[in-house]
Amino acid sequence: MFEHATCTDFCYIEEINGATRDYCDETNTQYPCNPDKGYYGRGPIQLSWNFNYGPAGESIGFDGLNSPETVATDPVISFKTALWYWVNFVQPVISQGFGATIRAINGAIECDGGNQAAVQARINYYTEYCSRFGVDPGPNLSC
């Protein structure tokens, strides 16, 4: 999936205006937020939320809860988090179509009426890339 928040060519390391957003799920006690840190989108797939930074850090070997900025400052960690997220959340739904990958990455933020314009922009980017590569985009393009 091409994360259009990264402008399809990975030109943004951090989510635009991400530091102004609160991506702390305080009900998640397994991966509690550090009040001095922000868990906004960073990296090629824009890892966000404490409940993603915590387990990604455990799996990859960095302190995701106390040092989430590592995803933006260390290119190896950055791409490892993207691969971690892809393998755990996106790859399992690829067979369900492009729309399922949108849901896996952005869920209710975009799907189910969350932001139809963003969903359509993703579909447009995806179908354009499919056209450039001469491949069929397949069914189920929307989430």
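This section describes helix packing, loop residues and salt bridges in a predicted model.

Helix 1 spans residues 50–60. Of its 11 residues, 8 are buried, so helix 1 is largely enclosed by the rest of the structure. The buried set consists of Asn50, Asn52, Tyr53, Gly54, Pro55, Ala56, Gly57 and Ile60. These buried residues pack against helix 2 and helix 3. Just after helix 1, Gly61 adopts a positive phi of about 100°.

Two packed helices are described by the angle between their axes and the distance between the axes. For helix 1 and helix 3, the axes come within 10 Å and cross at roughly 105°. This value falls in the range of 65 to 115 degrees, so helix 1 is roughly perpendicular to helix 3. On the helix 1 side, the contact is made by Asn52, Pro55, Ala56, Ser59 and Ile60. Helix 3 contributes Ile77, Lys80, Thr81, Trp84, Tyr85 and Phe89. By class, the residues of this contact are 7 nonpolar, 3 polar and 1 charged.

The crossing is right-handed. Tyr85, Phe89 and Val90 of helix 3 meet Thr101, Ala104 and Ile105 of helix 4. The residues of this contact divide into 5 nonpolar, 1 polar and no charged.

Beyond its neighbours within four places in sequence, Pro92 is in contact with Trp86 and Val87. Pro92 and Ala104 are 12 residues apart in sequence, with a C-alpha to C-alpha distance of 9.3 Å.

Leu65 is placed in the loop between helix 1 and helix 2. Leu65 is buried, at a relative accessible area of 13%. Leaving out residues up to four places away in sequence, Leu65 touches Tyr31, Pro32, Asn34, Lys37, Tyr39, Asn50 and Gly54.

Side chains of opposite charge can pair when their charged atoms come close. The count for the model comes to 6 salt bridges. Three of these are described here.

Lys37, a contact of Leu65, forms a salt bridge with Glu69 at 3.3 Å, N to O. Lys37 lies in the segment before helix 1, and Glu69 in the loop between helix 1 and helix 2 (70–73), so the pair ties together parts that are 32 residues apart in sequence. Lys37 is partly exposed, at a relative accessible area of 29%. Glu69 is partly exposed as well, at 28%.

Arg21 and Glu15 meet through their side chains in a salt bridge of 2.9 Å, N to O. Arg21 has a relative accessibility of 41% and counts as partly exposed. Glu15 has a relative accessibility of 18% and counts as buried, because the cut-off for buried is under 20%.

Arg132 and Glu128 form a salt bridge at 3.0 Å, N to O. Both residues lie in helix 5 (residues 116–133), 4 residues apart, about one turn of the helix. An α-helix has 3.6 residues a turn, so residues three or four places apart point the same way. Arg132 counts as exposed, with 59% relative accessibility. Glu128 counts as partly exposed, with 38%.

Notes
Residues numbered from 1 in each chain as written. Predicted model: local features only at pLDDT ≥ 70, side-chain atom pairs only at ≥ 80, totals over all residues. Heavy atoms only, no water. Contact = heavy atoms within 4.5 Å. Left-handed = near helix turned anticlockwise from the far one by under 90°. Helix = DSSP H or I, 4+ residues; strand = E, 2+ residues; numbered from the N terminus. Nonpolar A, V, L, I, M, F, W, Y, C, P; charged D, E, K, R; others polar. Salt bridge = Lys/Arg side-chain N within 4 Å of Asp/Glu carboxyl O. Buried < 20%, exposed > 50% of the residue type's maximum accessible area, 1.4 Å probe, protein only. Axes fitted to C-alpha atoms, helices over the stretch in contact; angles between N-to-C directions. Parallel < 35°, antiparallel > 145°, perpendicular 65-115°, else oblique.
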